[in-house]
Amino acid sequence: QLRLKESGGGLVQPGGSLRLSCAASGATLDYYAIGWFRQAPGKEREGVSCISTSGSTTNYADSVKGRFTISTDNAKNTVYLQINSLKPEDTAVYYCVRSKIGYRCPPLSSVFSFTDWGQGTQVTVSS
């Protein structure tokens, strides 16, 4: 069974950068598309990005396009989310999740098309 563990969050000033990691164990990422979601206090979970198994397809929410970059290192069985030009509204717990439809990415608006939620990593953007 695939297990996902997020890391790399922290406190950063506006305009700063972080790289989040999603380390997989129990199964190879060769068969699963992986997504990133986030949830801010008092708000619903928001799909941020998704990458197909080959890395040939990446999707981003409009709110993060041009600032976030998702990538995969299959040799390390890890997916990364590089987040730049951070804004206070990016403050949230970030989760990596597995696509329920195998190697393809579901729409980011379809939270129930993803599974295997980890405990998340907190990102706080504040001066």
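What pattern does the chain follow when read along the sequence? It runs β-β-β-β-β-β-β-β-β-β-β, with 11 strands and zero helices. Here helices (H or I, at least four residues) and strands (E, at least two) are DSSP runs, numbered from the N terminus. The model is a predicted one, so to speak: local features need pLDDT of at least 70 and side-chain atom pairs count only at pLDDT 80 or more, while totals for chains, interfaces and linings use all residues. Residues are numbered from 1 along each chain as its sequence is written, and side-chain values use heavy atoms, with hydrogens and water left out.

On to the overall build. Along the principal axes, the C-alpha atoms fill a box of roughly 40 × 25 × 25 Å. Of the 127 residues, 46% are buried, where buried means under 20% relative accessible area, exposed over 50%, and partly exposed in between (1.4 Å probe, protein chains only). Among contacts (heavy atoms within 4.5 Å) with a separation of 6 or more, 59% come from residues 24 or more positions apart. The chain exposes about 6,500 Å², and carbon and sulfur atoms supply 47% of that area; accessible areas come from the Shrake-Rupley method with a 1.4 Å probe, and for residues only the protein chains shown count as cover.

Next, the cysteines. Two disulfides turn up in the structure, a disulfide being a pair of cysteine sulfur atoms within 2.5 Å. One joins Cys-22 to Cys-96, with an S to S distance of 2.1 Å. This pair links distant parts of the chain, as Cys-22 sits in strand β3 (residues 18-25) and Cys-96 in strand β9 (residues 92-99), 74 residues apart. The torsion about its S-S bond is about 75°, so the disulfide of Cys-22 and Cys-96 is right-handed. Cys-22 counts as buried at 1% relative accessibility, and Cys-96 is buried too, at 0%.

The sulfur atoms of Cys-50 and Cys-105 also form a disulfide, 2.1 Å apart. Cys-50 is in strand β5 (residues 46-51) and Cys-105 in the loop between β9 and β10 (114-115), so the link ties together parts 55 residues apart in sequence. With -90° about the S-S bond, the link of Cys-50 and Cys-105 is left-handed. Cys-50 is buried at 0% relative accessibility, and Cys-105 also counts as buried, at 17%. With the bonded cysteines numbered in sequence order, the pairing reads 1-3, 2-4.

A few loop residues deserve a mention. Ser-85, in the loop between β8 (78-83) and β9, has a positive phi of about 50° although it is not a glycine. Ser-85 is partly exposed, with a relative accessible area of 41%. Asp-116, also not a glycine, has a positive phi of about 60°. Asp-116 lies in the loop between β10 and β11 (121-125) and counts as buried at 18% relative accessibility. Ser-63 belongs to the loop between β6 (58-60) and β7 (68-73) and is partly exposed at 37%. Leaving aside neighbours within four places in sequence, Ser-63 is in contact with Arg-38 and Glu-46.
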